[in-house]
Amino acid sequence: MSDTVRDAPTGSPSSNGLEDPGARSGATRGRASAIVGRTRDAFAATPIWAALVGIVGIGWVVVTLDGGTFFASGNLTNILQRSVALGIVAVGQTVAILAGSLDLSVSYLISLASLVGAETMDGRESMLVPAILLTLAVGAAVGLANGLVVTKLRVNPFIATLGMALILRGYIENNYDRPTGSVPESWESFGYTRMGPIPVSIFLFAGVALIVGTTLRRTRFGYHVYAVGGDEQVSVLSGLRTHRVVIAAHVICSVCAALTGLFLASRLGSGTPRVGTDGGYDLESIAAVVLGGTALAGGRGRVAGTVGAVLVLAVLDNVFNQLELDPFLKQAVRGVVIIAAVAVYAQRRKGRQQVATGTAAA
Amino acid sequence: MTDATLTPPTGPTPAGDVVEAPPRPSLAARAWRSVARSAPIFAVLAVLLVWIAVENPNFTEPPGFLAFLKRAAPLAVLAAGQYFVIVTGEFDLSVGSLVTVTVVVAAQVLADNPDSTLPVIALVLLIGVAVGIVNGLITTRLQVPSFITTLGMLLILDGAVFYWTDGAPKGSLTEDFRTLGRGGVDDVPGLEQLPWSVVVFLAVGVGAVLLMRANLGKQFMAVGDNDRAAGLSGVPVARVRTIAFVLSGGLAAVAGILLGGFAGVSAQVGDGLEFQAITAVVLGGVVLGGGRGSVVAAIAGALTLEALFTLLNLLGVSGALEDTVEGVIIIAAVAFAAFRLRSDR
C-alpha cells in the first residue's frame, strides 16, 4: 500500500496526463519552486490524504481531550482492521467505476463468498486452498455475468448489478438461513494475527491495492480502463475493444468482493448470510471510491485515493466510537461528510475548468 | 422519440417569430400512439393481471382488484415521484429512508398529540418537500452527482430519525392518520368500498400526467435529454431539476403516509423502496439518464412489479426466490428496452 501512496504523488507525467489535467497545469505553475509545486500536486492529486492527516490530527486532539489515547496500539490495530474488509471491496469498486460502470451487487456477493468459502473449507485445513480458489471463481463468474449483461445486453450497470444483487439475495435466502460451514484454524488465525500493532490481514488489503493500483497506472489494460471510462465512444473509435475492458473491470471488482467475503469468514469463523448486507458494502464502497476523488462518471481517479478514503472512514469511525457517539448520529455525520467531500471536489474541478478556459481565452 | 424532444421549447425563436405548431392529432390517436410506444409494459401488466385472475378468480371482483390497487398505491406514488427525477437525468436514492422518516416521525408526534392528524400530515409533507429542496440544491448548486447527494441524504435521514427516537420507533399511528392508508369511502355504487389510497393514487397519476403535458413537463424532458441545449434555450435547468427533487420528496412523504396507514409503524417500512421505485420506473421503459419515457408507463411499471409479487405469492414461490425472479425480470426487461431503443434509431 505504501508504494501506491508514494507512487501516486510522484507519478510520471505520462500517467498523470491521462486523467488529471489539473496536475499538469500545477506542474507549469510549480516551475518557480519545483519542490513546493510537486508537493502541492501530490496533495492536489489525492487530497484525501491531506484530509486523512488532518482528521488523524483532529481525532488525536479530540480523543486526548476526552481522556482517551488515540495512538494506543490497540486503537491503531482497530483502525487498520476495520479498513481491510471495506478496503478490498472498495479497491475493486474503483476499477468498475473508473471503467464507467458500477457494482451494486457486491454486498450479496460478499455474503455468498463467505458462505461458499466456509462451507467448502468445513474446518478442514486440506480444503483451504481449493475453497479459496472456488470462492474466487464464483466471484469471477458473477463479475463475468455482470460485465456481459452490461456490455452485450446494454443494460444500464445500475440496473444490471441491482438485478444481480436481487438474484444473489434470492439464492442466499433460499438456501441459507444461518451461519454455515467453518473455517480451519489457519484461516481463522489469518484474520486475527498481528505483528506488533499491525494486523496481518492489512497486507492482503495492501497487496490488492498495490496490484490493482499498479495495473491501472502502469499497464496497457489500466490505460484502457481510463480511456473507456472517460469516453466509451472515443475509445471504440480509437479501436479499443471496450466490451472486454468493461467485462474485465467487473471481474476484478467481483473477485475483490469475493476476497472480502473470505476475509470476513476468517474473522467470523464461518459463512454468514447477512455479513455483506449488514456491512452495507455496496453503497459504502461506492461512497469510499467517490470520497477518494474518483469521478462517479468514470475515467478519472485512482486507487490511492480510495485507500485514503477507506482509512479516513475507519479513523472517523474509530474516533466516534472512542467518543461513544450514538451509532445513528455517526451514520448521519458520515452522510454529511460524504456529501461535503464530493461538493468540495466538484467546486475544485469547476475552479480548474474556469482557470483552464481563462488561459485558453488569453 | 417523445413529444418533448420534438417540440422546441416554448417561447419565441431567436428570429422573433412564433413557431407554427403542427396540427394536433385527435386525443384518441395520441393516446393510442403513446400506448403503442410504451406497449411492452402494458402488455406485460395485462398478462400478469390475467394470470392472477386465473389463479385467483376473486381478483376479477371489484374488491379483489381494489385490494391489489390499494397494496400497489404506495409504490406507484413513489414511482411517479422517482419518474420526475429520473426523467431529468438524476437519481433519488433517499425516498426509501424518507418513507421511514415519515412513518416514524408521524408516530412519534402523534403519540404526544393524538388529535393533530392534519397538522402531522402537513408536517411530514413539509419534511418531504424540504428534503427534496436540499437534495435539489446540493445536486444543482454544488454539482454533487445526485447518486451521492441522495445516498448521503439516505444515511443522514436514517441516522437522524433513529438518533431522535433512540433506535426504535415509539408511539403508534392514530386511527385517523391510518384512514388514508387503509380506510375508504363506503357504499360507493358498484363497489363495496373505494379505498382512499386508490383515490390518492389516481389523483397523483392524473396530476403527474397533467404536469408532464404542461410547460414544466416539457422542461423536465428537455433537461433530461440534453441539459446544455435546454439551458441555452432558456430553460432554468437548476430550478427545473430542483423542482423534480421536491416532487419526489413530497410524493415519498405521501407514500409514507399511505404505507404507514396500510402497514403500521416499523423501522424497516422504507427499506429497499428506493430501488423498487427505480426498478418500477425503469420497467416502464423510462431510460436512466433522462429525457425519455412516460409517467403512465412508470406507474404501470410499479403496478407490474406489485402484480409480479402477487402472482409469485399465489404460485407459492417462496419469498426468497421471489427476489431472484424479480432480478432476472428486471435485467430482461431493460435488456429488451435497450434492444428496442437501438432498433428504433
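Visitor: Why is B:D323 called buried?
Guide: Its relative accessible area is 8%. Buried means under 20%, so B:D323 counts as buried. This is a predicted model, and the value is computed from it.

Visitor: What makes B:D323 and A:R169 a salt bridge?
Guide: The closest N and O atoms of A:R169 and B:D323 are 2.8 Å apart. The cut-off is 4 Å between a side-chain nitrogen of Lys or Arg and a carboxyl oxygen of Asp or Glu, so the pair qualifies.

Visitor: How do you know that this pair joins two chains?
Guide: A:R169 belongs to helix α9 (residues 157-175) of chain A, while B:D323 belongs to helix α15 (residues 319-344) of chain B, so the bridge joins two chains.

Visitor: Is A:R169 buried, exposed or partly exposed, and why?
Guide: A:R169 has a relative accessible area of 27%. Buried requires under 20% and exposed over 50%, so A:R169 is partly exposed.

Visitor: What makes A:R334 and A:D317 a salt bridge?
Guide: Their closest N and O atoms are 3.2 Å apart, and the limit is 4 Å. The pair links distant parts of the chain, with A:R334 in helix α18 (residues 327-361) of chain A and A:D317 in helix α17 of chain A, 17 residues apart.

Visitor: Why are both A:R334 and A:D317 called buried?
Guide: A:R334 has a relative accessible area of 14%, and A:D317 has 10%. The threshold is under 20%, so both residues are buried.

Visitor: Which residues are linked with A:R334 and A:D317 in a network of salt bridges?
Guide: A:E284 and A:K330 are linked with them in that network. Over all chains, the structure holds nine salt bridges.

Visitor: What makes B:R241 and B:E90 a salt bridge?
Guide: The closest N and O atoms of B:R241 and B:E90 are 3.1 Å apart, against a limit of 4 Å. B:R241 lies in helix α12 (residues 237-263) of chain B and B:E90 in the loop between α4 (62-87) and α5 (95-112) of chain B, so the bridge ties together parts 151 residues apart in sequence.

Visitor: How do you know that B:R241 and B:E90 are buried?
Guide: B:R241 has 11% relative accessibility and B:E90 has 12%. Each value falls under 20%, so each residue counts as buried.

Visitor: Why is A:I58 called exposed?
Guide: A:I58 has 56% relative accessibility. Exposed means over 50%, so A:I58 qualifies. This residue is placed in helix α5 (residues 47-65) of chain A.

Visitor: How many helices and strands does each chain have?
Guide: Chain A has 18 helices and two strands, and chain B has 15 helices and two strands. Of the 362 residues in chain A, 53% are buried; of the 345 in chain B, 50% are.

Key. Residues numbered from 1 in each chain as written. Chains lettered and ligands numbered in written order. Predicted model: local features only at pLDDT ≥ 70, side-chain atom pairs only at ≥ 80, totals over all residues. Heavy atoms only, no water. Helix = DSSP H or I, 4+ residues; strand = E, 2+ residues; numbered from the N terminus. Buried < 20%, exposed > 50% of the residue type's maximum accessible area, 1.4 Å probe, protein only.
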